[in-house]
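Hello,

Here is the structure I promised to pass on to you. My notes on what turned up in it follow just below, with the cut-offs given as each term comes in.

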Amino acid sequence: MKRTQTPILQTHALAIGYKASRQPAITIAQDLSLHMQRGQLVGLLGPNGAGKSTLMRTIAGMQKPLQGQILLNGADVHQIPAHDLAQHMSIVLTDRPNLGLLNGYALVALGRHPYTNWMGQLSEHDEDVVRWAVEAVGAEDLADKPVMELSDGQRQKLMIARALAQETELILLDEPTAYLDLPRRVEIMALLRHLAHDTGRAILISTHDLDLALRSADRLWLMSGGTIHTGTPEDLVLNGAFEAAFQSEGIAFDRQTGTFSLGTAPHTAVYVGGDGIAATWTRRALERAGYQLATESSASQAIITVTDTLTDGPCWHLHLADETYDVTSIDALLNTLQAHISSDR
C-alpha cells in the first residue's frame, strides 16, 4: 500500500483580509484549502492586489486569518508560541533592513537566534550551521564583507542563508528577486530550487517573475478573483487558469510559447523560413511589430528567408511580389517591410 506524505503546511477553509474595529471585515480571499510538501518549491503568483502579501503574512503568523486554520505539522500556526514557531518557520521579507555594520557572517548568524541563550552566544554547533548555510548559498566570499557594501543580489543571498541557518522546515520568501537584475533573479530562483530539492525544505516564494516561476517552481498557487488555483505550472497553463488570472486589456498570454505579448491585432501575414537563433529572433521581432506569422508561404504577403553563416553572419532575404531585398539586420528588415507594405496594414 502506497503511503502519502503528510503535508508540512495545510490550510482549511482559510479566509484572509483585514478587520478594523467597528468596521465590517474586508475579505481578500476565502475558502482556501492549500497544502505544501517537504522538498517542494512553490510559487505564489497573482496580479497586483490579489492578496499575495496578505496570505504570506497570515501564514507566517504576522496577521490573523478572518476564518479557518493554518496548520504547520498539524499545529495551528496562530497558537504556536513565537519562539517555537521560529524554530519551524523562517521568513525573508521584501523590506531592506538596516543592518548597520554587520558583516555577512554576522547577518547569517542572526538565524541562530531561536537557539541561543539570552546573550546570543553561539555554540560550536551554531557556528557549524552558520558556516554550512553560507556555503549552501555560495556566499563564502561575502562572509567577511560589510553588508552595507554589498549589492542587492549579494545581500539577498545572505538573507536566504540566514533563513537556512534558522534550520526551519518551511521558508517563506516575499518577492526575494524584487530589486535584482535578470541574471541575479535567475541565479536566486535556481538556488531556491536547488535548496528545496537537496535539503528537503518546503519553500514558498511570492513573486512577479512569471516566466521564472513557470520554469522553476514545482507547483504554483495562483491567486485571482478571491480564490487560488493550485497545480503544476504546466497544468495551470493548459487548463486556462494562468491565462485568466493575468488577462488584461492589451496583454495576451500565449499558451503555445508560455510568454506574454502585446495583445494588438496582427495585420500583414509574413512567412519566415529558416532555423537557428537568427530565425527565432526574427519571428519575435515581427510579432512585436504587429505582423502575423504565417505557417505556410502561400498564405503570406511577404516571405523572409534567414540565412546564417559562420563567416558572414545572418542575412535576411525579403521577397515581396516580384521584388527581393537583402538586408543585414532585423532593424533594416522591419524598415523595409514598413516602407513597402504599410499601405496594406
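The count of cavities of 30 Å³ or more comes to one. A cavity here is a set of points on a 1 Å grid over the protein atoms alone where a 1.4 Å probe fits but cannot get out; points are joined across faces, edges and corners, and a volume is the space filled by probe spheres set on them. The largest cavity holds about 150 Å³ of space. It is lined by 14 residues, and Thr94, Arg96, Arg155, Gln156 and Tyr179 are the closest to its centre. Lining residues are those with an atom within 4 Å of a point. By type, the lining divides into seven nonpolar, two polar and five charged residues, where Ala, Val, Leu, Ile, Met, Phe, Trp, Tyr, Cys and Pro count as nonpolar, Asp, Glu, Lys and Arg as charged, and the others, Gly among them, as polar.

Before going further, please keep in mind that this is a predicted model, in which local features need pLDDT of at least 70 and side-chain atom pairs count only at pLDDT 80 or more, while totals for chains, interfaces and linings use all residues. Residues are numbered from 1 along each chain as its sequence is written, and side-chain values use heavy atoms, with hydrogens and water left out.

Next, the second largest pocket, a pocket being an open set of points with protein on both sides within 12 Å along at least five of seven lines. About 240 Å³ of space lies in it. Its lining divides into six nonpolar, five polar and one charged, and includes His83, Leu107, His113, Met159 and Arg162. Helices α2 (82–85) and α5 (152–165) each supply at least two of the lining residues; helices (H or I, at least four residues) and strands (E, at least two) are DSSP runs numbered from the N terminus.

Six strands form an open sheet with mixed pairing, in the order β7-β8-β9-β4-β10-β11; two strands pair if DSSP finds at least two bridges between them. β7 (89–92) and β11 (227–231) are the edge strands, each with a single partner, so one side of each has no neighbour in the sheet. From one strand to the next, the twist averages 15°. α5 packs on this sheet, touching β7 and β8 (170–174), and its direction makes about 170° with that of β7. Contact means heavy atoms within 4.5 Å; axes are lines fitted to C-alpha atoms, for helices over the stretch in contact, with angles from 0 to 180 degrees between N-to-C directions.

Elsewhere, β14 (269–273) pairs with β15 (292–293) in the parallel sense over two bridges, and Ala269 has Gln292 as its bridge partner. Four of the five residues of β14 are buried, so this strand is largely enclosed by the rest of the structure. Buried means under 20% relative accessible area, exposed over 50%, and partly exposed in between (1.4 Å probe, protein chains only).

Lastly, Gln37 sits in the loop between β3 (35–36) and β4 (41–45). Gln37 counts as buried, at 16% relative accessibility. Beyond its neighbours within four places in sequence, Gln37 contacts Gln5, Thr6, Pro7, Ile8 and Ala202.

Best wishes
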